[in-house]
Every structure is written in C-alpha cells, then in structure tokens.
Amino acid sequence: MSLNVLLLDNVDPVCAEVFKERNIHADQRPKIELDELKKIIGKYEAIVLRSGTTVDEELLSHAENLRIIGRAGVGVDNIDIPAATSKGVLVMNTPDGNTISTAEHTCGMIIALARNIPQSVDRVKSGGWDRKKFMGTEVHSKTLGIVGLGKIGTEVALRMKQFGMDLLAYDPFTTQDHAKEIGVELVELDDLLGRSDFLTVHTPLTEKTKNMISLDVADKLKPGIRLVNCARGGIYKEEDLVPLIEKGIVAGAALDVYTTEPPTKELYETLKNPSIICTPHLGASTEEAQEKVAVQIASQISDALENKNYKGSLNSKSISLLTNDEVQPYVELAEKLGKVSGQIMPDNANNFSFEYTGICTKYSEVLTDAILKGMLSQYVSESVNLINARHYALERGFKLSETNKSDDKNYNDLITIKLGDSSEYKQISAAVFGPGDYRIVEIDGFGIELRLEGDILMYQNLDKPGMLAAVSSTLAKQDINIGALSLGREGKGSNAITAVIVDRQLNNEELDSIYKLDGVSNVKYISLS
Ligand SMILES: NC(=O)c1ccc[n+]([C@@H]2O[C@H](COP(=O)([O-])OP(=O)(O)OC[C@H]3O[C@@H](n4cnc5c(N)ncnc54)[C@H](O)[C@@H]3O)[C@@H](O)[C@H]2O)c1
Ligand SMILES: O=C(O)[C@H](O)COP(=O)(O)O
C-alpha cells in the first residue's frame, strides 16, 4: 500500500527527500488555502507542519486517512491534540532540533535590545546618524532572569554567562542540581522579577504563564527591566507593554512571537513603539534548524507509519511502548482479553477493574489502553486504537480502576479483568504461555486453560455425567467440530464452567440449540477470529 504525506508551511525540502528514501510519497504545499487543504487532506496518512497551519477539529473531520500529525519544531499549540487523540491520530514533534537556533536568536535579541541595534540600523539606512539617541547598556554584570530552564532556557544561560551576566531562573519543574551545574541561581518568580535587568521566557504558553508580565505585576518588576520573548506570544500581555514602557518600568522589549501571527492591526500599532524591537517568529528559522527538524520529523513519521518506532509521540505514552519487546506479548494478551470481556459483559456495564501481576504491573497504563481497545472495538463505529481507546471509554462513562498485585499463587505475570457484580461472568484472568500463546487461566475462581483464539463457546453447567456429551452432540449435529476444550469446576457434582474452541463461527440458531440444553446456563459465544 502506498503511503502519502503532505508537507505544509515551508518545511525544508529535505523532508521530502527523507520520505522518498523510505518509499513514502510526499507532496509539498507550502502555501495552500484552508478550503483546498480540507479538500485534499483526506488523501494523506500524515501531515508535516510548522506554526503556520492550525489543525482543529473541523480540519480533522476531513482527514479520513490521517494517522500522524508531525510538527517540524517544538510548539504544538496550533494542533488540537484532544481532537486528534479522539480521532486516534498520533501527534509528534521534534523537541530539540531547533533549540540552538532559538537560543542564539534569543541571545541576539538580548544584545540587540541592549544596544538599540534594529532602531539604529533603521536610522542609518534612512540617512540619519543620532549616536546620542542610541546610547545603549552593557549586559556584563547585569542580571538575566530566565523563566523556564528547559532546553532553550539552558542554552541561553550558558551563552549569556559568557557575556558576564549573572543568571537567575524560575522553573518549578527543574532541579537545583541542574541549575547549579550551569551556574544559575534558582529562585522564586517574584524574587526573579525584582532582581532582573533582563528577563527572557522559555516556557510554553499555559494558564500559568499567560500574561505573566502585565500591568498587574508592575510593582514587582525591577525598574528599567528589558523583556525578551522568543517562546510564545501572550506570556507578556501585549496590550500592557506600551503602558509599562511609558511608565518607565520597562526599558524595552524584544519580541519574536505574538498572540496572533501575523499580528493584528492593533498589535502592529504596539510594535511601532521605538522601545520595542521585533522579529517575525524567526527563532527556529535557520538552515541548520530547519534541516534538522525536517529530517527528524520525516524519520519519526516514516518509522511510525511502518510501526517500527514512535519517537516524539505526544498524545500516547502507550504507543511509544509498542516497540518494546518485553511489553509486546502482554499488549496482545490484554487486547484479546479485552475482546473477550467486551463480548461477555452485560449491556451498559461501565465499572471495570483491571488487576496486574508481575511484569504487567510495569506496563499497566498501556495494558489498560490495550484492554479498552479490545473491549470497545466491537461497539464503537470509529476505529479504536491505543491512542483513542481511553478517550472513548471515558467519553462513554466507563469507570476504570487499576490495581497492581505483588503476586499470584499460580502465575507470575497475570492480567485480570473484573466486570462487576451484574455480569454473569464476573472476573476473567489470562497469561502469556509462549510466543503467540495466550490463555485464559481463570474465570470466576474456576481454574481453566483455554487458548485465546478463534471462536469460543463458553457456558456454565451442572457438574454431572452427560453434560459435555449433550453439548458436543448438539454441535456435531450442526456439523460444528470442537478444536479444544477446557473445564473448570468448584468440586465434584457442583457447578462447572466449560469453554470450547469451535472450528467455525456459530449463528444465532446454533447458539439457541445450546441455550436450550438442560443444565446449561450463561452461554456466551466469543469470536476472536
Ligand atoms: N521562537 C521560536 O521560533 C521558538 C523555537 C523553538 C521553541 N519555541 C518555544 O520556546 C519554548 C521553550 O521551548 P523548549 O524547547 O526550551 O521547551 P522545554 O520543554 O525544554 O522547556 C520548557 C521549560 O519551561 C518550564 N516551565 C513550564 N511551565 C512553567 C512555569 N509555569 N513557570 C516556569 N517554568 C515553566 C518547564 O519546566 C521546562 O523546563 C516553547 O514554548 C517553544 O514552543 C519557540
Ligand atoms: O515551536 C517551535 O518550534 C517554534 O516556535 C518554531 O516555529 P516555526 O517552525 O513555525 O518556525
């Protein structure tokens, strides 16, 4: 089957070359109107984009064959990840391909801001001179406050240290050890705002970082602070920048990113302020960064389309585990057990517990996703996969609980699904016996051993002579051969569970003939074929 990928937003042409080497067809459409994109997106298994294309629910509704959205870069705020997840579309990015370029751009902006470089260039080019007007400030011995000491924040710190700056950082998710290693003092945000001569932000735009700098925090800022934003528009409240400058609190701002790109008319007015310098989202726009992210995303997408590797996936931890040989058999076991459960659970059941033992405890999250995929595959019309299974389950009101058990008396590595008290079969356990050999080992406390394959007839019966004969002769009369069977019972003469692998699918009439047999109850037919 030929795979098609659509490259949007001036993704570097090397991206198409990598896809070609992997025998994947890539169409490059750097400038495409949204209406046309909606018309053609259905053809593609993957798209690659930068910050210029917005992928929302509406666009996704046209993307029938889409399996992967690849961001050639870091920020995925232009992609509706929950909508992609519910559609089972993998979202991936290239987290470090443009780190150096963006850090260098940030350092350039810090110096340009300190020395009024863009404004003075403009003046000279328009035939002026004005040396006095463009008096600058040294960065040496000044304090640089860094909010977000991740990949870019760290590279900025290392570079600006060489300029002789004192470094402070605020990042609640980094460690003292990391800060110490790179010579940065980790402080609280208010402390940082009050001590910084320059402030640079390197976080995503979140509820916490949105409007981090605005008139509301004017009192906390060191007077004369200079602000740099090469992360995401909106971390500094754009409409407050000019008032902060006019009040003499902020000496200048350098912006590479904006809440709306390109900026709105009002925002363009703000950017005209002589103390504000700006670039059009150029942080990652270097030949090197673009080549790196283009090669990285093309390789990641190719690997994922070939189910080899899911590096860089953002919306499914489960999927990234799929190439792990240790977990693979248990994922298959979990999905098969989920399929069985989906076929024996009562209508409207919604309370499920999953119990993991041994090695399965290490992978409980992906195993739960696999169980849910198996359970839901027969009920939801949309195609369920490991990415969206949990989403569908929660959307349908499933209440899920996971328990890890230290050991089981019979099996080292076991998965048990509890289907609730209203279910005829309340609990079912299965284990891996060997490559491709997955078996149910217990149903409702009855020890049983049945391979999870083909067509299974399961029922409860009184433990008395002739029961099995009655079932097998009824099946034989209808030309249905028994391939394997397993019996479990409480004790002599009490209740028993029988599971039979039959050689073909049973129709309703054939099933009826088993329901009608005396002493047989709770008949279930399970198809794993
Ligand atoms: N201008 C550009 O062209 C360009 C290029 C690349 C990346 N970016 C943007 O730069 C930002 C940083 O990228 P990165 O690769 O360094 O990401 P990263 O994930 O490596 O670092 C982000 C850091 O922010 C910290 N953080 C998160 N929330 C925080 C909060 N509320 N307060 C303080 N710290 C917080 C995290 O702990 C993390 O250390 C992203 O928004 C990315 O989209 C912009
Ligand atoms: O998040 C990113 O990677 C940067 O903002 C770069 O965006 P771009 O690929 O549109 O230049």
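Predicted model: local features only at pLDDT ≥ 70, side-chain atom pairs only at ≥ 80, totals over all residues.

Trainee: Why does Thr416 count as buried?

Mentor: Buried means under 20% relative accessible area, exposed means over 50%, and partly exposed lies in between (1.4 Å probe, protein chains only). Thr416 has 3% relative accessibility, and therefore counts as buried. Thr416 sits in strand E15, residues 414–418; helices (H or I, at least four residues) and strands (E, at least two) are DSSP runs, numbered from the N terminus.

Trainee: What makes the pairing of Thr416 and Ser429 a polar contact?

Mentor: The term needs a pair of N or O atoms within 3.5 Å; within protein, one must be able to donate a hydrogen and the other to accept it, and residues adjacent in sequence count only if both atoms are side-chain atoms. The side chains of Thr416 and Ser429 are joined at 2.8 Å, and the limit is 3.5 Å, so the term applies.

Trainee: Which residues does Thr416 touch, leaving out those up to four places away in sequence?

Mentor: Thr416 touches Ser353, Phe354, Glu355, Gln427, Ile428 and Ser429. Contact here means heavy atoms within 4.5 Å.

Trainee: Is Val201 buried or exposed?

Mentor: Val201 is at 0% relative accessibility, so it counts as buried. Val201 belongs to strand E9, residues 198–201. Beyond its neighbours within four places in sequence, Val201 is in contact with residues including Val147, Val228, Cys230 and Tyr236.

Trainee: How far apart are Val201 and Lys87 in sequence and in space?

Mentor: They are 114 residues apart in sequence, and 33 Å apart from C-alpha to C-alpha.

Trainee: What makes Thr498 buried?

Mentor: Its relative accessible area is 1%, so Thr498 is buried. The residue lies in strand E21, residues 495–502. A polar contact of 2.8 Å links its side chain to that of Asn461. Asn461 is also one of the residues in contact with Thr498, along with Leu457, Met458, Tyr459, Leu468, Ser486 and Leu487, once neighbours within four places are set aside.

Trainee: Why is Gln478 called partly exposed?

Mentor: Gln478 has a relative accessible area of 23%, and therefore is partly exposed. Gln478 is in the loop between helix H17 (467–477) and strand E20 (482–489). Its side chain reaches the backbone oxygen of Thr474 at 2.9 Å. Not counting residues up to four places away, Gln478 touches Arg504, Glu509, Glu510 and Ser513.

Trainee: Which residues are around ligand 2?

Mentor: They are Arg50, Ser51, Arg71, Ala72, Gly73, Val74, Gly75, Asn98, Arg232, His281 and Ala284. A residue is near a molecule or strand if one of its heavy atoms lies within 4 Å of it.

Trainee: How does this shell divide by residue type?

Mentor: The shell of ligand 2 has three nonpolar, five polar and three charged residues. Ala, Val, Leu, Ile, Met, Phe, Trp, Tyr, Cys and Pro count as nonpolar, Asp, Glu, Lys and Arg as charged, and the others, Gly among them, as polar.

Trainee: Which residues come nearest to ligand 1?

Mentor: Of the 27 residues around ligand 1, these are Lys151, Ile152, Asp171, Thr203 and Asp256. An N or O atom in the side chain of Asp256 is 2.9 Å from a nitrogen atom of ligand 1. The protein covers 87% of the 870 Å² of accessible area that ligand 1 has on its own. The shell of ligand 1 splits into 12 nonpolar, 10 polar and five charged residues.

Terms used:
Residues numbered from 1 in each chain as written. Chains lettered and ligands numbered in written order. Heavy atoms only, no water. Areas by Shrake-Rupley, 256 points an atom, 1.4 Å probe, with all protein chains shown as cover.
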